Amino acid sequence: MTSRRLVLTRSAALIGAATSGLLLPQLARAQGNKIRVGLMLPYTGTYAQLGVAIENGFRMAIDEQGGKLGGREIEYFKVDDESEPPKGVENANKLVLRDKVDVLIGTVHSGVQMGIQKVARDTGVLSIIPNAGVLAATGGLCAPNVFRASFSNSQPTRALGAPMVKAGHKKAVWITWKYSAGDEAYLGFKEGFLAAGGTIVKEIAVPFPNVEFQAQLTEIAALNPDAVACFFAGGGAVKFMKDYAAAGLKGKIPLYGSGFLTEGVLDAAGAAADGVTTTLHYADGLDNAKNKAFRLAYAKQFKLQPDVYAVQGYDSGQLLVLGANAVKGDLSNKKALYAAMGGATIDSPRGKWKMSKAHNPIQDIYLRRVENGENKVIGVAAKQLVDDGPGCKMT
Ligand code: PHB
């Protein structure tokens, strides 16, 4: 009798406590048990579609683990960074200081990434870069808690020059958006193209995210180089390829680029993209089991064809899964977490890759050409290309 009354009394007290809010700290702790994952990506503007593909790929990798990380449930927090560099720090702080995320996945735009990098270095939050190639993130400003699952800006274009010269295109005009992604893609292009014996006739830059190319295309027509090479991506890439064709340059002056030019945009660009030749760490038709399974599953789940951004999102998820499993979900065990992530071999749809010491993928760069609405692999432009991140000192 006594014990029964005791039980009843206790439960009555518990109910009282719950309604008066006394149990809230416990509740909060239970919620705190979830791993808090922050997604900072562009969901509006010229890179909006890239952000969505990254999130889709990331979620796919987590869903393959039953939606858990190292056995723990996940809670997502999202911020649209609008590809606006001036808001980079503030947006990253929304996730890190306000939402107290355990890991920040972001972003696409190199300028915005610099804001994330500052916050990552100041707070020590785990940061996984699913696209932005800004050299400093895995170079002079590298950090033990920052890992890139994508590429560095000069990696894809470093391999572009040799196939251009081999095809007889020795005099080129380079055109890009004027910001770090374009400037650093140019560094890679210049190095590879000059080394192969090419000459750069002119470098042209338009402000990001402008998509008015008339004056520049008129100038290119007048210069009449053997080829044009460029960096554009997302909505701007579609507009550039369409304008290039409309200006009568397609079929006259071959168009080359870093492969972002033709990623995720082939339906929108239509015939304007046919024959465009690019270099990138991914191609649709890569003949490996992981790629085939990934493409099928992605198309089924999202009713969309995946692209390099989806692959990078997926690999960001795979990298986090691998790290979280190594520490059984205890992301505060940083030493073991970073060691596992830094030593990871990722079985990716792009082919297997490893982290460099500076935390950037060591990966193959493929030569691709657009044929029948697909980025076809026509060769390997560089094998296991390392960017060893000049200036990187892990402290
Ligand atoms: C970048 O800003 O680093 C960037 C953006 C879009 C791309 C590639 C790189 O497709």
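1. A friendly start with a helix pair: the axes of helix 4 (residues 88–98) and helix 5 come within 7 Å of each other and cross at roughly 45°. Axes here are lines fitted to C-alpha atoms, for helices over the stretch in contact, with angles running from 0 to 180 degrees between N-to-C directions. Helices (H or I, at least four residues) and strands (E, at least two) are DSSP runs numbered from the N terminus. Helix 4 and helix 5 are therefore oblique to each other; angles under 35 degrees count as roughly parallel, over 145 as roughly antiparallel, 65 to 115 as roughly perpendicular and the rest as oblique. Their crossing is right-handed, a term used when the near helix is turned clockwise from the far one by less than a right angle, with anticlockwise giving left-handed.

2. Before going on, please keep in mind that this is a predicted model, in which local features need pLDDT of at least 70, side-chain atom pairs count only at pLDDT 80 or more, and totals for chains, interfaces and linings use all residues. Residues are numbered from 1 along each chain as its sequence is written, and side-chain values use heavy atoms, with hydrogens and water left out.

3. Helix 13 (residues 308–326) and helix 14 (residues 334–342) have axes that come within 8 Å and cross at roughly 140°. That makes helix 13 oblique to helix 14. Helix 13 passes helix 14 in a right-handed crossing.

4. Now the largest pocket, with a volume of about 450 Å³. On a 1 Å grid over the protein atoms alone, a pocket is an open set of points with protein on both sides within 12 Å along at least five of seven lines, a cavity is a set where a 1.4 Å probe fits but cannot get out, and lining residues have an atom within 4 Å of a point. Grid points are joined across faces, edges and corners, and a volume is the space filled by probe spheres set on the points. The pocket is lined by 24 residues, and Gly264, Val265, Asp267, Gln305 and Pro306 lie nearest its centre. Elements giving two or more residues to this lining are helix 3 (48–63), helix 10 (234–246), helix 11 (266–269), helix 12 (289–302) and strand 14 (374–385). Helix 3 provides the largest share, four residues.

5. What is the make-up of the lining of the largest pocket by class? It has nine nonpolar, nine polar and six charged residues, where Ala, Val, Leu, Ile, Met, Phe, Trp, Tyr, Cys and Pro count as nonpolar, Asp, Glu, Lys and Arg as charged, and the others, Gly among them, as polar. Domain 2 (33–151 + 285–355) and domain 3 (155–280) both give residues to this lining, so the largest pocket lies between them. The domain bounds come from an automatic or database domain assignment.

6. The second largest pocket holds about 190 Å³ of space. Of its 15 lining residues, Val101, Asp102, Val125, Leu331 and Lys334 lie nearest the centre. Helix 14 gives the most to this lining, with three residues. By class, the lining has seven nonpolar, three polar and five charged residues.

7. The structure holds one cavity of 30 Å³ or more. Among the 15 residues lining the largest cavity, Val108, Asn131, Phe151, Tyr179 and Phe231 are the closest to its centre. The volume of the largest cavity is about 90 Å³. Its lining divides into eleven nonpolar, four polar and no charged residues. Domain 2 and domain 3 both contribute to the lining, so the largest cavity lies between them.

8. Finally, some backbone points to check. A cis peptide bond, with omega about 0°, joins glycine 106 and threonine 107; threonine 107 lies in the loop between strand 3 (103–105) and helix 5 (110–123). Another cis peptide bond joins phenylalanine 208 and proline 209, with omega about 0°, and proline 209 is in the loop between strand 7 (199–207) and helix 9 (214–223). Lysine 303, in the loop between helix 12 and helix 13, has a phi near 55°, a positive value in a residue other than glycine.
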